[in-house]
Structure formats: structure tokens, C-alpha cells
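Here's a friendly walk through one protein chain. Take a look at the sequence and the 3D picture, then read on.

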Amino acid sequence: MSHLLRSHAPITDTAWALIDEEAKTRLTPGLAARRLVDFSGPLGWEHSATNLGRVETVPNDGLAGVTARRRRVLPLVELKSSFSLDREELLAGDRGAEDVDLDPVALAAIEMVEAENKAVFHGNAALGFEGIVEASTHPEISSGDTIDAYPAAVAQAVEQLLRIGIGGPYGLALGREDYTAVVETGEHGGYPLLDHLRKILGGPIVWAPGVDGAVVLSLRGGDFLFESGQDLAVGYSTHDAQSVQLYIEQSFSFRVVTPEAAIRVTPVTA
């Protein structure tokens, strides 16, 4: 039996299909980290730690003449975002309704997206993760007080990476506000700012809810490692006569191997 306990929920296959599709639709656009770092897995719910290939010496009390060293690992963390669905709405979906209220699924998905992006890009000491921004060895680059200065800031970041031998292509994770500003802006002559940035980077520009400002990073591989245990999935908690309590859950670890392979660009100040 799966730990998600879906078979215990008073939910039909039809309703589960609606829930899963809504979760997938809402999760996919914002999972910026997975599109820009090395993703491995999923390795399963039982996978608990990432091998770091390192050891630490430990006291050898009671082991006369023997040296003891302990393997170091990075524990995976579990993230869960809970929500509740009205049972009457699920029954309406079983009857073929096209307007089933699945807003709680969408809200839980947005929370999960932001939590994952924040952990990867900005770190979380409680989770034991150092994020890309806090690990970076480069001073952050100012984007200035107008969105028109963005290409210069991104070009400066790319040049700094090239100068120290960090090859491309490069990707750009853009927080909500900066992404909106970039998409809406046309340069002199009407040339889309988004296209200009793509030419500078040679790689994707990704909408990244939860990111503060922007991050330019190399996509050459091997610099930023995301290891998935349980991939994102919807599980069942409990229910009563009116509602069903569900959740979106995942487990993962993240580590920065090459801190110098990314540079933060500050948000536009205007």
C-alpha cells in the first residue's frame, strides 16, 4: 500500500483524475529550479539521504587499534501542503460537471512551488540547505532603477561567469515582479526585452515564484544538484461528511557543488 493512502479516500477514479490534472497544471509552470539545475530521481519515498562521498572521524571508544570514520550524507526533507475539497464538488465532477471547484488544489500547488524555489535559490537553514544565492561567491549585480537596464545587468553576470571559466549556456530565474516587467517591456524600436535576454544567455528564461529578483546561472551541468525521493504527488489524510482532507507532498535534497556558477541580480528598484 502506498504511504499516500489514496485507496482509503472516498474519491472515485474520475475525481482523482481531476485532482491530479489540476495539481499538475498548477505545479508545472512555476517549478523553476527543476528546469535550471540537475534533477535526479525520483528515487522513492523510502530514499532518505544523498550520498556526499565524504567521511568524518569519530571517537573510537572501545575499538582499540581501530580507526572509525562515519559516512556523511545530506538528509532529504519532506514538504507537504494541505488542502480540503468539498465532497459535493467531487460528486459533481463524477456527474460530468465542467466547473468543479478545485481552487484549494491550485492554492496548495502554488505554496509548494514557492517553497521549493525558495529552498533551492535562497536556501533554508532549518531544512539544512544552502541556496544558490547565499552560496554564490560573487557580489550581487544591481539591475538599476528601470527595467531597461536589465540586459546590461544580465550581460555583466554572464561576462563574470565566462571570465572565471564557467561556461554556458546560461539560464535566468526571474521572480514574479521582474518577470512581469521583462515580458511587458519592449526596447527602443519595439524589440522585445525577453528576446534580447535570451540572446545574451543562450538558454531559457524561467518564471520563478519565490525568487527575490533574479539569478543567472550556468546550465553546463554538475553545479547544482536536486535529488528527488518522492516526487510531487497528492495524498489523502482524512474526511468527514462534508469534505476530504488531502495534501501535495514531496521529498528532496539540494546542494550547491560550484558556488561560483551563479550570480544574483537584484530586483528593479523603480
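## Before you start

This is a predicted model, where local features need pLDDT of at least 70, side-chain atom pairs count only at pLDDT 80 or more, and totals for chains, interfaces and linings use all residues. Residues are numbered from 1 along each chain as its sequence is written, and side-chain values use heavy atoms, with hydrogens and water left out.

## The whole chain

Taken along the principal axes, the C-alpha atoms fill a box of roughly 75 × 60 × 25 Å.

Of the chain's 270 residues, 45% count as buried. Buried means under 20% relative accessible area, exposed means over 50%, and partly exposed is in between, using a 1.4 Å probe and protein chains only. The accessible surface is about 13400 Å², and 50% of that belongs to carbon and sulfur atoms; such areas come from the Shrake-Rupley method with a 1.4 Å probe, and for residues only the protein chains shown count as cover. As for contacts (heavy atoms within 4.5 Å), 77% of those between residues at least 6 apart in sequence join residues at least 24 apart.

## Helix H1

Helix H1 covers residues 13–27, and its 15 residues reach 21 Å from the first C-alpha to the last, close to the 21 Å expected at 1.5 Å a residue. That expected span is 1.5 Å times one less than the number of residues.

Which residues of H1 are buried? They are Ala-15, Trp-16, Ile-19, Glu-22, Ala-23 and Leu-27. Seen down the axis of H1, these buried residues fall within an arc of 130°, so they line one face of the helix. The arc is that of the directions from the helix axis to the C-beta atoms. On the other side of H1, Asp-13 and Lys-24 are exposed. The buried residues of H1 pack against several elements, including helix H4 (103–122) and strand S10 (243–256).

## The nonpolar core

A nonpolar core is a set of buried Ala, Val, Leu, Ile, Met, Phe, Trp, Tyr and Cys residues joined through side-chain atoms within 4.5 Å. The largest one here has 73 residues, and Ile-19, Phe-121, Ile-132, Tyr-150, Val-216 and Leu-246 have the most contacts inside it. H4 gives the most to this core, with 8 residues. Leaving aside residues up to four places away in sequence, Val-216 touches a list of residues, among them Val-154, Tyr-170, Leu-201 and Ile-263.

## Salt bridges

A salt bridge is a side-chain nitrogen of Lys or Arg within 4 Å of a carboxyl oxygen of Asp or Glu, and the count comes to 12. One of them joins Asp-20 and Arg-6, with the closest N and O atoms 2.7 Å apart. Asp-20 lies in helix H1 and Arg-6 in the segment before H1, so the pair ties together parts that are 14 residues apart in sequence. Asp-20 is partly exposed at 29% relative accessibility, and Arg-6 is partly exposed at 25%.

Another salt bridge links the side chains of Arg-34 and Glu-116 (2.9 Å, N to O). Arg-34 is in helix H2 (residues 32–36) and Glu-116 in helix H4, so this pair ties together parts that are 82 residues apart in sequence. Arg-34 is buried at 17%, and Glu-116 is buried at 0% relative accessibility. Arg-34, Glu-116 and Asp-231 are linked in a network of salt bridges.

Notes
Helices (H or I, at least four residues) and strands (E, at least two) are DSSP runs, numbered from the N terminus.
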